[in-house]
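Here are a few notes for you to read alongside the coordinates.

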Amino acid sequence: MGEGAGGHPRHRVGRLRHRRAGGNTVGLAAARHHVLAARGWDVEQGGLQDAPHVRVLVGDERHSTIDRSLRLLGLGTGSAVPVRTDDNGAIDVGHLEEVLAEADAPTIVCLQMGNVNTGAIDDLERSCALAHDRGAWVHVDGAFGLWAAASPAHQHLTRGIEQADSWGCDVHKWLNVPYDGGLVFVSRPDVHSAATSMTASYLVGAGTGGSDLVLNASRRARGFAVWAAIRELGRSGLAELVERNCTLARRFADQLGEAGAEIGNDVMLNQVLVSFDDDATTDAVIERVQQDGTCWMGGTTWRGCRYMRIAVSNHTTTEADVDRSVEAILRCWRP
Ligand SMILES: *Cc1c(COP(=O)(O)O)cnc(C)c1O
């Protein structure tokens, strides 16, 4: 990582730390620390009661966990300044530029890699450059989309990711390890530990251990399963997993589209939105598919319409599974 928020030289290697359920809260805690420190305010000591107002620029298609992180961090959802997104849910960079220019305040920009409905990835390169010009910290919610960076076929979508100041990512989605593992990468270890460290005289290695970089003091060795999965897959195995799932998502979209269903998103990763005739029919098809049991698809609302939401992330899913699932879905639509 190069120059970052505030223009100070940064450590080149992001730290990998494991916390429960996403890394957004820790990434945003580091962001909060940094943007206030740059204005001479120590949030760890002074809290937020008399602090300068922090604004958090977020796409209007952010994941709802971002709002919860803002609540927990005392910034409140009122600190969120929504930035418009395009048809596929990626941030409108022109609007981001306008909103950035609206105030000279401590600013956090929260970007997204992988919208849960569409898979959309924000333009990280241009967004990071604009945000850093204004001294903002950039946090990227890459819960599943960050894994796209492992795939050469998708690297063009992730360009600029190295410019961000923090990333949050999940291991229980695309890496296929059991639930409750999250990763947070912060480009500045000093800012990271300033936001999260704790000490006690009875602890061994206090001030330097993993518990100084996450929100829980005690936890089991979640990192072991992550290490084992990455070790087993290797670089090429990870790329193959991501690419295979994306190809299978395309297969769903192609076959359902050919059969007359409407595909509601630009399929760029492993997410497909499908609607059937109208909202009521779409909901009925989803229910029948869930009862049929061949595959399980949930429903979602995207831009005011109901869709079946297909997310292909299981490492065992095959072309034959997709074909069987499409058959079942079509049977549930037009018996
Ligand atoms: C799943 C997801 C989250 C929440 O992560 P959990 O660790 O499953 O709670 C946050 N953001 C995005 C974009 C997600 O897809």
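1. Being three residues apart in helix H9, Asp321 and Arg324 are separated by about one helical turn. Their side chains meet in a salt bridge, at 3.6 Å from N to O. Asp321 is partly exposed, with a relative accessible area of 25%. Please keep in mind that this is a predicted model.

2. The structure holds 16 salt bridges. One of them pairs the side chains of Asp277 and Arg334 at 3.9 Å, N to O. Asp277 lies in the loop between strand S9 (271-275) and helix H8 (279-292), and Arg334 in the segment after helix H9 (319-333), so this pair ties together parts that are 57 residues apart in sequence. Asp277 counts as exposed, at 58% relative accessibility.

3. Arg126 and Asp123 also meet through their side chains in a salt bridge (3.4 Å, N to O). Arg126 is partly exposed at 49%, and Asp123 is partly exposed at 28%.

4. The largest nonpolar core has 39 residues, and Val109, Leu111, Val138, Val140, Trp147, Leu175 and Leu269 touch the most other members. Among the elements that each supply at least two residues are strand S4 (107-112), strand S5 (137-141) and helix H7 (222-258). H7 gives the largest share, five residues.

5. Is Leu183 buried or exposed? Leu183 is buried, with a relative accessible area of 3%, and its place is in strand S7 (residues 182-186).

6. On the surface, Glu97, Glu98, Glu102 and Asp133 gather in a patch of negative charge. Asp133 belongs to helix H5 (residues 124-133) and is exposed, at 68% relative accessible area.

How values were computed
Residues numbered from 1 in each chain as written. Predicted model: local features only at pLDDT ≥ 70, side-chain atom pairs only at ≥ 80, totals over all residues. Heavy atoms only, no water. Helix = DSSP H or I, 4+ residues; strand = E, 2+ residues; numbered from the N terminus. Buried < 20%, exposed > 50% of the residue type's maximum accessible area, 1.4 Å probe, protein only. Patch = residues over 30% accessible without salt bridge, like charges linked within 9 Å, V, L, I, M, F, W, Y side chains within 5 Å. Areas by Shrake-Rupley, 256 points an atom, 1.4 Å probe, with all protein chains shown as cover. Salt bridge = Lys/Arg side-chain N within 4 Å of Asp/Glu carboxyl O. Lys, Arg positive; Asp, Glu negative; His and termini not counted. Charge placed at Lys NZ, Arg CZ, Asp CG, Glu CD. Core = buried A, V, L, I, M, F, W, Y, C linked by side-chain atoms within 4.5 Å.
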